[in-house]
Amino acid sequence: MARYIDPHIHLVSRTTDDYEAMQKAGIVATIEPAFWLGQPRTEVGSFKDYFSTLVGWERFRASQFGIVHYCTMGLNSKEANNIPLAEQVMELLPLYVGKEGVVAIGEIGYDDQTEAEDRFYREQLELAKEVDLPVLIHTPHRDKKKGTYRSMDVAEEHGMDPGWIIVDHNNEETVKEVLDRGYWAGFTIYPHTKMGSERMVEIVKQYGPERIIVNSAADWGISDPLAVPKTADLMRKMGIPEEHVQLVTYKNALAAFSLSGQMHEDDWLKAPPIDQTKKMGGNSVLRGGQVPRVEGPSDRVEN
Amino acid sequence: MIMKQNQEYSLFLLGLLENSAEQQSLDWLEQKVSKIKDASSPTGFFLAFSQASRFFSKDPLKLSDAKKNKAVQLVEGFDPSHWNLLQSARTYLLLHLNLEQEDWLEAVNQLFETGDLYEQAALYAALPLLPFQEELLPRAIDGCRTNMTLVFDAIALNNPFPRRNFPELNWNQLVLKAIFMQRPLYQIQGLEERRNRALAEIASDFAHERWAAGRNVMPELWRLVVPFMNDQYLADLRQVLSSTDSLEQEGGALALYQSDFAPAKALLADFPDLLTQVESGEITWEKIGIEFQNSRV
């Protein structure tokens, strides 16, 4: 069966049904970029607990379903606009960026393209250089083209290597420039609106598979945690070669984020047997191919 | 006094790491330690604690019998045969955090609160080697509320800290949670010695809840009722012995055998095959625990 990586998904807001479906569809690894929570936080402690969840509970929760969970750490552009709070978050970040499984600084960049957003974007580019991590850039949903170009201009101003930057949420208007300048180009498949799977197929046909990465960015809004495997299926149906499908739904994400030294194919291909004993009792999902126990998944520890 | 103790423990850990880790990793560790021990702020320590994962693997330590004996001499119940290289390196760093009590506790608490899965597990497993045990007790008790098995195991299993420090109420909660999460009870240090009447009652209630829900009961549970055997628990064990699961029967038989309650012996006599197996020493709690983990969880 084909293997997939979803390199942008906010799993804290997804259900266990999603995890089960993702695992069944062939998703072996996920990257959860630190983001906002749908409404702005008002206390730095909320950031601390959120960051701890990304490297703790959510990672554990994913492992129960046989999915390896990585994350990126950063102050998102929306919340960068609360400057006193943002300054406290910047003090907190060094505690997290060096942790195992943190594969990039992100998602950072611009939202409304304010002065405050610019300041904290730049500070985090410097942080990324200091700790040798790639950067995941969130491009704005409004005034997108200008915001995307500006993100790249500023990154270059800070001496960043485009090969270490994933520019996310691209569309037909931004992709050419992003690829021409040597960046990785992320595409988020949004059901109903914006970037659908059909448009994605056309983009891969036109630009080829190199440095293109498909993700779901599934969160608490209308979104589809199976966007990556579904897009892969559509690509196959539309005659895109298997090798190209694998590049944009698995290999490119692995190549880009493994620059961090924190992500290896062996993490899921050779999951250490010790982890098998660390699973919660009776979770038959973890035991692909095994006959489920009589008690089945209902025997999971109640939370 | 504390510094001397830390030194002894860290020398021992270094010895274990030297056996198993790459020279380059050991050099990194020494370099970090030399910075940490004279630093007035814990920032460098935090970073090193995280980044140790880039230099040390989660492979288990290679341990000679002599080292195992030495470990127990250092701290009663300390059993690094369950430790990996990474957590040993992290504990080594922790033992070099040279701050006054208040600052030390603040730094270590921050570490607990911001730790990833493996960092938290390392911290809880390191508890018996750390200074300020009394001050760390609330942290350990709070840690037992986790549902992350890896973290829970680090406190509850093969760790002398709870046995030595937990008040009865918290001890009982730990054991009950281990049952609830179906963890191997035989790996809880002091399980037998700290059995108590309240815990036996809790265990029996738990078994009844499971039966009411049509679910099985982990056989190791019956070890908890042995010293308090009475008619009520005898009725429980009668039900256990009528189970179709041979492992449950073995647990029930062993509990009856170990009890001094005369009617228990009489009940066991009705199951001559089980009695023979128990008498021959073939059935032990450890054997039951291992088999349960391997085949039922």
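This is a predicted model: local features need pLDDT of at least 70, side-chain atom pairs count only at pLDDT 80 or more; totals for chains, interfaces and linings use all residues.
Author: Residues are numbered from 1 along each chain as its sequence is written, and chains are lettered from A, with ligands numbered from 1, in the order in which they are written.

Reader: How many helices and strands does chain A have, and what makes a stretch count as one?

Author: Chain A has 13 helices and 8 strands. Helices are DSSP runs of H or I with at least four residues, strands are runs of E with at least two, and both are numbered from the N terminus.

Reader: What share of chain A is buried, and what makes a residue buried?

Author: A residue is buried if 20 or more other C-beta atoms, placed from the backbone, lie within 10 Å of its own, exposed if 12 or fewer do, and partly exposed in between. By that rule, buried residues make up 45% of the 303 residues in chain A.

Reader: Why is strand β4 of chain A called largely enclosed?

Author: Strand β4 (residues 102–109) of chain A is largely enclosed by the rest of the structure because 8 of its 8 residues are buried.

Reader: How do you know which strands pair with β4(A)?

Author: Two strands pair if DSSP finds at least two bridges between them. Strand β3 (residues 68–73) of chain A is joined to β4(A) by 3 bridges and runs parallel to it, with A:Thr72 standing opposite A:Ala104. Strand β5 (residues 135–138) of chain A pairs with β4(A) over 4 bridges, also in the parallel sense, and here A:Ile108 stands opposite A:Ile137.

Reader: Which peptide bond involving A:Glu107 is cis?

Author: The bond from A:Gly106 to A:Glu107 is cis, with omega near -10°, and A:Glu107 lies in strand β4 of chain A.

Reader: What makes the buried residues of helix α9 of chain A lie on the same side?

Author: The buried residues of α9 (residues 197–207) of chain A are A:Ser197, A:Met200 and A:Val204. They cover an arc of only 50° around the axis, which puts them on the same side of α9(A); the arc is that of the directions from the helix axis to the C-beta atoms. On the other side of α9(A), A:Glu198, A:Glu202 and A:Gln206 are exposed.

Reader: What do the buried residues of α9(A) pack against?

Author: They pack against β7 (184–188), β8 (212–215), α10 (227–237) and α11 (242–257) of chain A. Just after α9(A), A:Gly208 takes a positive phi of about 80°.

Reader: Why are the buried residues of α11(B) said to line one face?

Author: They are B:Trp171, B:Asn172, B:Leu174, B:Val175, B:Ala178 and B:Ile179. Seen down the axis, these buried residues fall within an arc of 155°, so they line one face of α11(B). What covers them includes α9 (149–156), α10 (160–165) and α12 (197–212) of chain B.

Reader: Why is B:Gln182 called partly exposed?

Author: B:Gln182 has 19 C-beta neighbours inside 10 Å, and therefore counts as partly exposed. B:Gln182 is placed in the loop between α11 and α12 of chain B, and its phi is near 55°, a positive value in a residue other than glycine.

Reader: What makes A:Asp143 partly exposed, and where is this residue found?

Author: A:Asp143 counts as partly exposed because it has 14 C-beta neighbours inside 10 Å. A:Asp143 is found in the loop between β5 and α7 (144–157) of chain A, and has a positive phi of about 55° although it is not a glycine.

Technical notes
Two residues are in contact if their C-beta atoms, placed from the backbone, lie within 7 Å.
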